[in-house]
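Please keep the sequence and the structure in view while reading.

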Amino acid sequence: MHVHAAPASLSGKAADRTQSVLRFSLIATLAYVAVTFIAGLRAHSLALLSESGHNVSDFLALLLSFAAVYFQSRPADDERTFGYQRAGVLAAFINAGTLILIAVWIGVEAVHRLYAPVAVQPRLMMYVAAAGVVMNGVIAALLWGVARDVNLRSAFIHMAGDTLSTAAVIAGGAGILFTGRNWIDPVLSLLIAALILWSSWGIVRETLQILLEGKPRGIDLNHIRDHMQAVSGVLNVHDLHIWSLGSHSRALACHVTIADIPPSESLCILENLNHVLKAHFNICHTTIQFEHENCTVTNGCVVPIEEMSAAPDPAHHHGH
């Protein structure tokens, strides 16, 4: 059996830079939430109120991401032997789930307003939305520079989506200003809700796959098995399991059949297997158990078949 330790999720400098970006994003987003909420009430604009709600969820998403980056930078210990690599994954799952609920609320309210239109103030909508485009665009650009895992990528998607939806609010405000058609506001809200759902559903699926220890995205089990069996000295690979410890950290466990050779001679095979897995599939944490040809496994030990019926003799017991 061989265990190769996985690298830390974030180095100290990278974590500090990421936390600085998230800290600035939190302050700016909270300020914009207050502005859009007050302006939405004054302008009677559901689009602005939905933007405010969207930004509240983004503030919580950034707050969770901030906490997750802190935990991810902590080393493994006796209680958390794999460290806190899934803290960011869990944060992203909660963020995306919350956004889906908010999108549903926006959609229901928008349909209600289609049947009972409310007069809005398009100029105020446009002014506030223009400020939002600038703020969300700056935050999205900063997050893009540090988005190395699903946690930060979910935060980036939120802010990029905000930038696009806020730009749509400007267009909607202009449409209402020039045509006087107030139904543009709820229709715009439905489009924003659809955008939120589209961006969030992919994150939910990806994070749920990691939390359920499913096969990592883009991994072909048979392809990995073929590469491992192509290593000189490997006769067979079975009981192959691959899962994600975090969004970028993969783990593998398997049984490998080799010839009946001493453990010292099998070291080269083990090194070659780990090289293939790291170089071709970015799998750095492996647990590989060798089984010898013409041996069977009994009570966790590998014993030659011809010795199975013989009396126990410690001198002839083979453990690998």
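**Overall architecture**

The model is predicted. Its protein chain contains eight helices and five strands. Read from the N terminus, the elements follow the order α-α-α-α-α-α-α-β-β-α-β-β-β. Of the 320 residues in the protein chain, 44% are buried.

**Helix packing**

Two helix pairs are considered here. Helix α3 covers residues 87-115 and helix α6 covers residues 184-211. Their axes lie 7 Å apart and meet at an angle of about 155°. Angles over 145 degrees count as roughly antiparallel, and α3 and α6 are therefore roughly antiparallel to each other. The crossing of these two helices is left-handed. Sorted by class, the residues in the contact of α3 with α6 comprise 24 nonpolar, five polar and two charged.

The second pair consists of helix α7 (residues 221-229) and α8, whose axes are 9 Å apart at an angle of about 140°. This pair is therefore classed as oblique. The crossing in which α7 passes α8 is right-handed.

In general, the strands of a sheet pair through backbone hydrogen bonds, in either a parallel or an antiparallel manner. The two pairings in this sheet are set out below.

| Strand pair | Sense | Bridges |
|---|---|---|
| β1 and β2 | antiparallel | eight bridges |
| β2 and β3 | parallel | nine bridges |

Residue I258 can be followed across both pairings. The bridge partner of V234 in β2 is I258, and I258 also stands opposite H292 in β3.

Which element does the chain pass through between β2 and β3? Strand β2 spans residues 250-258, and from there the chain crosses through helix α8 (residues 263-281) to β3. This β-α-β crossover is right-handed.

Is strand β3 largely enclosed or left open by the rest of the structure? Strand β3 (residues 283-292) has 10 residues, nine of which are buried, so β3 is largely enclosed by the rest of the structure.

**Two loop residues with positive phi**

Two residues other than glycine carry a positive phi value. For E213, phi is near 55°. This residue is located in the loop between α6 and α7. Because its relative accessibility is 46%, E213 counts as partly exposed.

For N282, phi is likewise near 55°. N282 belongs to the loop between α8 and β3. Its relative accessibility is 42%, so N282 also counts as partly exposed. The class of partly exposed residues lies between the cut-offs of 20% for buried and 50% for exposed.

Key. Residues are numbered from 1 along each chain as its sequence is written. This is a predicted model: local features need pLDDT of at least 70, side-chain atom pairs count only at pLDDT 80 or more; totals for chains, interfaces and linings use all residues. Side-chain values use heavy atoms; hydrogens and water are left out. Axes are lines fitted to C-alpha atoms, for helices over the stretch in contact, and angles run from 0 to 180 degrees between N-to-C directions. Helices (H or I, at least four residues) and strands (E, at least two) are DSSP runs, numbered from the N terminus. Angles under 35 degrees count as roughly parallel, over 145 as roughly antiparallel, 65 to 115 as roughly perpendicular and the rest as oblique. A crossing is left-handed if the near helix is turned anticlockwise from the far one by less than a right angle, and right-handed if clockwise. Ala, Val, Leu, Ile, Met, Phe, Trp, Tyr, Cys and Pro count as nonpolar, Asp, Glu, Lys and Arg as charged, and the others, Gly among them, as polar. Buried means under 20% relative accessible area, exposed over 50%, partly exposed in between (1.4 Å probe, protein chains only). Two strands pair if DSSP finds at least two bridges between them. A crossover is right-handed if, with the strands pointing away from the viewer, the path from the first strand over the helix to the second runs clockwise.
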